Amino acid sequence: QLSENYYASTCPSVELIVKQAVTTKFKQTVTTAPATLRMFFHDCFVEGCDASVFIASENEDAEKDADDNKSLAGDGFDTVIKAKTAVESQCPGVVSCADILALAARDVVVLVGGPEFKVELGRRDGLVSKASRVTGKLPEPGLDVRGLVQIFASNGLSLTDMIALSGAHTIGSSHCNRFANRLHNFSTFMPVDPTMDPVYAQQLIQACSDPNPDAVVDIDLTSRDTFDNSYYQNLVARKGLFTSDQALFNDLSSQATVVRFANNAEEFYSAFSSAMRNLGRVGVKVGNQGEIRRDCSAFN
Ligand code: HEM
Ligand SMILES: [Ca+2]
Ligand SMILES: [Ca+2]
């Protein structure tokens with residue numbers, strides 16, 4: 001059972017310590033925000049929110065070595081490691097890496113201008129981290145709404161949670177190969193996905209003409225570093241980056257919610273806050289399950 005004041009007697013300043021460490025890191029690099037938020041999502045969808053994504057393995061067969069996790073930015077790992085070090089110096093052996101990640105994910109949202117919300121605590125760190133167990137657990141950018149709903153529902157998350165959490169794409173960037181299929185040879189008669197604004201498509205083709213496989217573009221073309229509702233406004237304007245983003249507007253089962261979030265930032269913020277709480281409950285280990293890791297990148 002998670003609770004907001006879980007560490008009230010054992011580490012009363014944990015929220016403040018984490019926030020300070022995250023803020024320091026964020027001031028050095030803005031990418032701390034998207035990196036940390038995405039990492040929280042990828043952690044929760046594989047083995048639950050248990051910091052399994054942090055484990056480093058010499059054989060390169062841990063969760064973080066899986067294809068879908070290779071694009072997780074190093075700044076996310078670094079943020080949690082720094083926060084953990086700060087927490088350990090005040091309350092050694094008490095706070096899990098899973099809880100530090102949950103707090104850090106909230107803190108970065110606030111740092112880029114998003115909503116403030118309460119985070120439940122009391123998660124324990126997992127004892128399993130295998131690349132082979134990632135397959136099929138994380139949504140691919142080519143999915144349609146049915147596929148997205150299926151994968152979120154298997155984690156106890158609703159259609160509304162899925163639409164609101166996709167709003168995390170209001171910050172950060174993506175490698176070109178994740179949406180290239182929408183720009184070239186889309187179908188026999190249409191090289192470009194017809195549900196994409198043609199001017200936006202040309203901009204992306206231009207931005208991705210760099211043959212460097214590390215080339216990235218902003219996911220939210222209007223405000224990459226700000227947590228706002230422009231992600232949904234982009235979808236209405238047919239300027240969603242991934243098939244899975246644009247599908248939320250194209251599909252009638254999710255369109256009305258996308259339009260509401262596009263028109264009303266407060267509605268998006270409140271749906272996002274409650275969806276983050278639900279995400280943070282996925283598959284959590286409590287009581288005497290798992291462990292409190294000393295070093296987030298290794299089992300005790
Ligand atoms: C709905 C299904 C989702 C799909 C198909 C999806 C897919 C992707 C893909 C393909 C990327 C680009 C990775 C790269 O090439 O570097 C990305 C980036 C990102 N995703 Fe998602 N995602 C989804 C949901 C979420 C959720 C629920 C969150 C967080 C709550 C999230 C947060 C992010 C962030 C912040 C980035 C930018 C990362 C960075 O700049 O380092 N995504 N996502
Ligand atoms: Ca996990
Ligand atoms: Ca934005």
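This note goes through the predicted model in numbered points, from the whole fold to single residues.

1. Some conventions come first. The model is predicted, and local features need pLDDT of at least 70, side-chain atom pairs count only at pLDDT 80 or more, and totals for chains, interfaces and linings use all residues. Residues are numbered from 1 along each chain as its sequence is written, while chains are lettered from A and ligands numbered from 1 in the order in which they are written.

2. The protein has twelve helices and two strands, where helices (H or I, at least four residues) and strands (E, at least two) are DSSP runs numbered from the N terminus. Read from that end, the order of the elements is α-α-α-α-α-α-α-β-α-β-α-α-α-α.

3. For 300 residues, a compact globule would have a radius of gyration near 19 Å, and the 19 Å of the protein agrees with this; the radius is taken over C-alpha atoms, and the rule is 2.2 Å times the number of residues to the power 0.38. Along the principal axes, the C-alpha atoms fill a box of roughly 60 × 45 × 35 Å.

4. Buried residues make up 44% of the 300 residues, a residue being buried if 20 or more other C-beta atoms, placed from the backbone, lie within 10 Å of its own. Among contacts with a separation of 6 or more, 76% join residues 24 or more positions apart, a contact meaning that the C-beta atoms, placed from the backbone, lie within 7 Å.

5. Ligand 1 is surrounded by 25 residues, of which the closest are Pro 34, Ala 168, Gly 172, Ser 174 and His 175; a residue is counted here if its C-beta atom, placed from the backbone, lies within 6 Å of the ligand. Helix α2 (32–44) gives the largest share of this shell, five residues. Because domain 1 (14–136) and domain 2 (145–277) both give residues to the shell, ligand 1 lies between them; these bounds come from an automatic or database domain assignment.

6. Helix α10 (residues 243–250) is largely enclosed by the rest of the structure, because seven of its eight residues are buried. Among these buried residues are Asp 245, Leu 248 and Phe 249, and what covers them includes α6 (145–153), α7, α9 (230–236) and α11.

7. Ala 262 lies in helix α11 (residues 252–263) and counts as buried because it has 20 C-beta neighbours inside 10 Å. Leaving aside neighbours within four places in sequence, Ala 262 is in contact with Asn 229, Tyr 232, Gln 233 and Val 236.

Technical notes
A residue is buried if 20 or more other C-beta atoms lie within 10 Å of its own, exposed if 12 or fewer, and partly exposed in between; C-beta atoms are placed from the backbone. Two residues are in contact if their C-beta atoms, placed from the backbone, lie within 7 Å.
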